Amino acid sequence: MGSVMGAIINLNNPAHTVDWHFIHLSVANVVVIVLMLIVFLLAILLPFPGAAEREAARRSGGAS
Amino acid sequence: MSSVGAPPPVTPAPPVTPAPSKSWTVKVREKGVEALPPERLLPDGQPTYVASWIYVFGVASIASLVVIIGSGSILALKGPAWWHYTSLGLFFNSIHMWSVELFFFVMVVHLWGKYWMAAWRGGRGRVWVTGAITFLIAVPAALTGYVSQQNFDAQWISTQAKDGLNSVGVGAFFNVTNFGQMYSWHILLLPIAVVVLVSAHVLLVRNNGVVPPFELDEKLAGAPAASPGGDGSAPASTGAQS
């Protein structure tokens with residue numbers, strides 16, 4: 001698996017970094033931060049399975 | 001045949017108030033049951049507002065922590081030669097490392113979610129503080145893991161970290177180039193601290209209930225006598241909370 005990943009991503013070089021004023025981040029960390037932001041937004045925006053049914057049941061007097 | 005009359009009146013026994021126990025076990029039990037009755041400790045329902053993806057990341061953090069503790073226990077039993085030079089050892093080494101990555105990933109999303117919903121509202125300050133301290137303790141828990149790998153990566157990280165730690169004066173008793181010391185911190189002291197704090201965090205959530213959305217909180221605060229569960233929230237007595 002390591003050799004397969006190594007063939008896809010060449011890690012045999014100095015880390016790539018993002019530099020902006022005092023901010024100095026590796027590209028790997030930037031990718032993780034962006035992924036966290038995407039997951040955070042999706043968690044807010046995407047409907048939870050069964051949430052609408054629960055809300056309808058609650059409004060009609062059923063169990064919450 | 002003799003006639004059966006009314007039974008003789010029974011004088012009820014006077015109520016007996018048990019003397020307050022001096023036993024610390026009784027006091028702890030009574031305080032514990034008072035704070036967390038069984039239906040609140042292990043509820044069978046949740047308020048409707050919990051049906052959102054943003055409420056998933058707390059339990060995702062706990063799930064990651066379980067995998068971390070499990071895989072770490074196996075690594076600790078087998079030792080560095082096993083995790084470096086056998087395929088199964090490398091597999092568990094990777095499981096341990098990636099579960100840590102996942103733990104921090106979902107914990108940060110959990111932190112963001114709780115920050116923006118001001119989860120310290122309604123007397124939940126201790127919930128917020130235990131979560132924040134857990135995050136702060138998890139950082140050195142991860143660092144001590146990276147410097148306990150027994151490879152060049154560990155050497156690089158420890159020699160880079162020592163200067164920063166020395167600059168703030170902790171290097172004398174927290175020496176990242178001392179494998180034995182770092183390994184003890186990593187597999188004993190810091191995991192115990194994280195698990196105790198996470199346990200306290202979860203019990204406090206059980207005690208206080210999941211923080212409701214802002215609009216529901218305001219509605220409940222304005223209502224003279226909110227009906228139980230009438231707005232999707234459940235009072236503590238129903239146990240419909242987490």
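Student: What percentage of the 64 residues in chain A is buried?
Tutor: Residues are numbered from 1 along each chain as its sequence is written, and chains are lettered from A and ligands numbered from 1 in the order in which they are written. A residue is buried if 20 or more other C-beta atoms lie within 10 Å of its own, exposed if 12 or fewer, and partly exposed in between, with C-beta atoms placed from the backbone. In chain A, the buried share of the 64 residues is 5%.

Student: And what is the buried share of chain B?
Tutor: Chain B has 9 helices and 0 strands, where helices (H or I, at least four residues) and strands (E, at least two) are DSSP runs numbered from the N terminus. Of its 242 residues, the buried ones make up 25%.

Student: In what order do the elements of chain A run from the N terminus?
Tutor: Chain A has 3 helices and 2 strands. From the N terminus on, the order is α-β-β-α-α.

Student: Which element of chain B has the lowest mean pLDDT?
Tutor: Chain B has a mean pLDDT of 87, with 87% of its residues at 70 or more. Among its elements, helix 3 (residues 57–78) of chain B has the highest mean, 97. At the other end, with a mean of 76, is helix 9 (residues 214–222) of chain B.

Student: Over which residues of chain B is the pLDDT below 50?
Tutor: The stretch in question still has 51 contacts in the model beyond near neighbours in sequence, a contact being two residues whose C-beta atoms, placed from the backbone, lie within 7 Å. Where pLDDT is low, the predicted coordinates should not be read in detail. In chain B, the pLDDT is below 50 over residues 225–242.

Student: Which element of chain A gives the most to the side that touches chain B?
Tutor: Here 15 residues of chain A are in contact with 16 residues of chain B. On the chain A side, two or more residues come from each of helix 2 (27–45) and helix 3 (51–59) of chain A. With 6 residues, the element that gives the most is helix 2 of chain A.

Student: How many residues on that side of chain A are nonpolar?
Tutor: Ala, Val, Leu, Ile, Met, Phe, Trp, Tyr, Cys and Pro count as nonpolar, Asp, Glu, Lys and Arg as charged, and the others, Gly among them, as polar. The side of chain A that touches chain B has 2 polar and 3 charged residues, and its nonpolar residues number 10.

Student: Why is helix 2 of chain A called oblique to helix 5 of chain B?
Tutor: Axes are lines fitted to C-alpha atoms, for helices over the stretch in contact, and angles run from 0 to 180 degrees between N-to-C directions. Angles under 35 degrees count as roughly parallel, over 145 as roughly antiparallel, 65 to 115 as roughly perpendicular and the rest as oblique. Helix 2 of chain A and helix 5 (residues 87–116) of chain B have axes 10 Å apart and pack at an angle of about 50°. That angle makes the pair oblique.

Student: Is the crossing of helix 3 of chain B and helix 8 of chain B left-handed or right-handed?
Tutor: Their axes come within 12 Å and cross at roughly 155°, helix 8 being residues 179–208, and the two are therefore roughly antiparallel. A crossing is left-handed if the near helix is turned anticlockwise from the far one by less than a right angle, and right-handed if clockwise. For helix 3 and helix 8 of chain B, the crossing is left-handed.

Student: Is A:His21 buried or exposed?
Tutor: A:His21 sits in the loop between strand 1 (17–20) and strand 2 (23–26) of chain A. Its phi is near 55°, a positive value in a residue other than glycine. With 5 other C-beta atoms within 10 Å, A:His21 is exposed.

Student: How far apart in space are B:Gly70 and B:His96, C-alpha to C-alpha?
Tutor: B:Gly70 belongs to helix 3 of chain B, and B:Gly70 is partly exposed, with 14 other C-beta atoms within 10 Å. B:Gly70 and B:His96 are 26 residues apart in sequence, and their C-alpha distance is 8.4 Å.

Conventions:
This is a predicted model: local features need pLDDT of at least 70, side-chain atom pairs count only at pLDDT 80 or more; totals for chains, interfaces and linings use all residues. pLDDT is the predictor's confidence in each residue, from 0 to 100.
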